[in-house]
Amino acid sequence: MNIAAKKIAENFQFLEGPVWVSARNELLFSDIPASTIYRWIPSTTRYHVFRQPSQQANGNTVDPQGRLVSCEHATRRVTRTEHDGTVVPIATHFEGKRLNSPNDVVCARDGSIYFSDPPYAVKPEERELDFQGVFRLQGDKLTCVARDFIKPNGLCFSPDESILYIADTEAGHIRVGDRVFCKAERPDGIRCDQAGNLYVAAMKAVEIFDATGRKTGEITLPERPANLAFGDPDRRTLYICARTSLYRARVDVPGAGF
């Protein structure tokens, strides 16, 4: 199965972190070097600045209340944007030590937040944690759910949220717990559809795997994809951030999540 993608916006620096905001029928996405979060409104086929500076925001998600949750490279923290626009830090330290560089983030239906913390945007001499892990934030309690990754990156849940998929970019695979679910070249962002198919932003394409980990297709692009999100009211449009451009592709199965 090979799916075509269409470029819908270009001339950015390095795109990441797409997330669909159902309450406003719009897509938000990050340009990390530009320290900007943009808003794409499909009905107008235009994009606008949502926040600038964004503190070099990377991954974004929304919580069950529709509030934006972002991983910020410049501040090495995870923040939540309240409905009035106030930005509130919700994760900055673990066991008294500053986080490395929160990268990607996903929110469960119960409101708990999971994020990866590789060291991509922090100098070695400025690191305080001696591992690169995946964390869970529930209320005010931050726990580490895995600390044996080389470079933890993209995260997503299975449709029923019984499985948390975690991409390890350096290891070249997607893990479920201690098990390797599938392999891909330098996987980054990942998303799951309602049938349990996994879409992986890999080195040369968005690779598609079924619920058993078997590769079933791909979406080829002229640029290396970094991250992706299902959107539009029917959740059958896959928005893809690929370096300097934003793409979209129509798929048969709607995306999982809310």
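**Entry 1: the enclosed space**

I began with the largest cavity and found it lined by 24 residues, of which V106, R191, R235, A256 and G257 lie nearest its centre. The model is predicted: local features need pLDDT of at least 70, side-chain atom pairs count only at pLDDT 80 or more, and totals for chains, interfaces and linings use all residues. Residues are numbered from 1 along each chain as its sequence is written, and side-chain values use heavy atoms, with hydrogens and water left out.

I took a cavity to be a set of points, on a 1 Å grid over the protein atoms alone, where a 1.4 Å probe fits but cannot get out; a pocket is an open set with protein on both sides within 12 Å along at least five of seven lines, and lining residues have an atom within 4 Å of a point. Grid points are joined across faces, edges and corners, and a volume is the space filled by probe spheres set on the points.

My search of the whole structure returned 1 cavity of 30 Å³ or more. The largest cavity holds about 360 Å³ of space. I noted the elements that give two or more residues to its lining: β3 (15-21), β7 (57-62), β13, β17 (152-157), β21 (190-192) and β25 (227-231). Strands here are DSSP runs (E, at least two residues), numbered from the N terminus, while helices would be H or I runs of at least four.

By class, I recorded 16 nonpolar, 4 polar and 4 charged residues in the cavity lining. The classes are Ala, Val, Leu, Ile, Met, Phe, Trp, Tyr, Cys and Pro as nonpolar, Asp, Glu, Lys and Arg as charged, and the others, Gly among them, as polar.

I looked up R235, one of the residues nearest the cavity centre. R235 sits in the loop between β25 and β26 (237-242). Its phi is positive, about 55 degrees, although R235 is not a glycine. R235 is buried at 14% relative accessible area (buried is under 20%, exposed over 50%, partly exposed in between, with a 1.4 Å probe and protein chains only).

I then turned to D193, in the loop between β21 and β22 (198-201). Its relative accessibility is 0%, so D193 counts as buried. D193 and A256 are 63 residues apart in sequence, yet their C-alpha atoms are 4.6 Å apart in space. Not counting residues up to four places away in sequence, D193 touches P159, Y199, F230, V253, P254, G255 and A256 (contact is heavy atoms within 4.5 Å). A polar atom of the D193 side chain lies 2.9 Å from the backbone nitrogen of N197. For polar contacts I used pairs of N or O atoms within 3.5 Å; within protein, one must be able to donate a hydrogen and the other to accept it, and residues adjacent in sequence count only if both atoms are side-chain atoms.

I placed N60 in strand β7, where its 1% relative accessibility makes it buried. The N60 side chain has a polar atom 2.9 Å from the backbone oxygen of G17 and reaches the backbone oxygen of N58 at 3.3 Å. Beyond four places in sequence, N60 touches residues including P18, V19, V69, V105 and R191.

I placed E26 in strand β4 (residues 26-31), buried at 5% relative accessible area. Its side chain makes a polar contact with the side chain of R24 at 2.6 Å. Among its contacts beyond four places in sequence I listed W20, R39 and W40.

**Entry 2: nonpolar cores**

The largest nonpolar core has 16 residues, and V78, F94, L99, I113, F115 and F135 have the most contacts inside it. A core is a set of buried Ala, Val, Leu, Ile, Met, Phe, Trp, Tyr and Cys residues joined through side-chain atoms within 4.5 Å. Two or more residues come from each of β8 (68-72), β10 (87-91), β13 (105-107), β14 (113-116) and β15 (134-138). Another core, of 15 residues, lies apart from it and includes I3, I240, Y247 and A249.

**Entry 3: pocket and backbone**

The largest pocket contains about 200 Å³ of space. I counted 13 lining residues, with F14, E16, Y120, N153 and D188 nearest its centre. Its lining has 3 nonpolar, 5 polar and 5 charged residues.

I noted a cis peptide bond joining Q52 and P53, with omega about 5 degrees; P53 is in the loop between β6 (46-51) and β7. R76, in the loop between β8 and β9 (77-81), has a positive phi of about 55 degrees although it is not a glycine. R76 is buried at 5% relative accessibility.
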